[in-house]
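Subject: Structure handover and side-chain contacts

Dear colleague,

Please find below the structure I promised to pass on. My notes on its side-chain contacts follow it.

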Amino acid sequence: QVQLVESGGGWVQAGGSLRLSCAASGITFSRYEMGWYRQAPGKQRDMVAVISSSGSTNYADSVKGRFTISRDNAKNTVFLQMNSLKPEDTGVYFCNALLQPVLGRRSNYWGQGTQVTVAS
């Protein structure tokens, strides 16, 4: 049974920092692309940052230079360090695990989400 468990969300004032963690179980973590997605109230879920199995990263333009995604394969955990937070960063942050093999079935899993609220 696959589980992605996020932690680290909370309330912070603008300009502050938070560090999100996502602990994975039930998957071969090192093979998966891991990502963080954000959903603001009334809006669609958008990509914030992803990190491939090889460690390459990609960020939404709105968070470049402020957020850093990293992974620890020994601990089956992905992190999102969020600095210089803005009110528009508010939303529910979801952890995602994606495996798209050349041959075989695509596997896509989501965590339950953690709330981040940035006050102005």
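Which residues form a disulfide, and how far apart are their sulfur atoms? C22 and C95 do, with their sulfur atoms 2.1 Å apart, where a disulfide is taken as a pair of cysteine sulfur atoms within 2.5 Å. By this rule the count comes to 1 disulfide. Because C22 lies in strand β3 (residues 18–25) and C95 in strand β9 (residues 91–99), the pair ties together parts that are 73 residues apart in sequence; helices (H or I, at least four residues) and strands (E, at least two) are DSSP runs, numbered from the N terminus. The link of C22 and C95 is left-handed, with -80 degrees about the S-S bond, and both cysteines are buried, a word that here means under 20% relative accessible area, as against exposed for over 50% and partly exposed in between (1.4 Å probe, protein chains only).

Before going further, please keep in mind that this is a predicted model, in which local features need pLDDT of at least 70 and side-chain atom pairs count only at pLDDT 80 or more, while totals for chains, interfaces and linings use all residues. Residues are numbered from 1 along each chain as its sequence is written, and side-chain values use heavy atoms, with hydrogens and water left out.

Turning to charged pairs, the count comes to 3 salt bridges, each being a side-chain nitrogen of Lys or Arg within 4 Å of a carboxyl oxygen of Asp or Glu. R38 and D89 meet in one of them, at 3.1 Å from N to O; R38 lies in strand β4 and D89 in the loop between β8 (77–82) and β9, so the pair ties together parts that are 51 residues apart in sequence. R66 also meets D89 in a salt bridge, at 2.8 Å from N to O, and this pair links R66, in the loop between β6 (57–59) and β7 (67–72), with D89 across 23 residues. R66 counts as buried at 10% relative accessibility, and D89 is buried with a relative accessible area of 1%.

K64 forms a salt bridge with D61, the closest N and O atoms being 3.1 Å apart; here K64 is partly exposed at 48% and D61 exposed at 63%.

As for the rings, a search of the whole structure finds 2 aromatic pairs, for which rings of Phe, Tyr and Trp (its six-membered ring) must have centres within 6.5 Å, with planes under 30 degrees apart counted as stacked, over 60 as edge-to-face and the rest as tilted. Y32 and Y109 form a tilted pair, 6.3 Å centre to centre with 40 degrees between the planes; Y32 lies in the loop between β3 and β4 and Y109 in strand β10 (residues 107–110), so parts 77 residues apart in sequence are tied together. Y32 counts as buried at 6% relative accessibility, whereas Y109 is partly exposed at 24%. Y37 and W110 form an edge-to-face pair, 5.0 Å centre to centre with 75 degrees between the planes.
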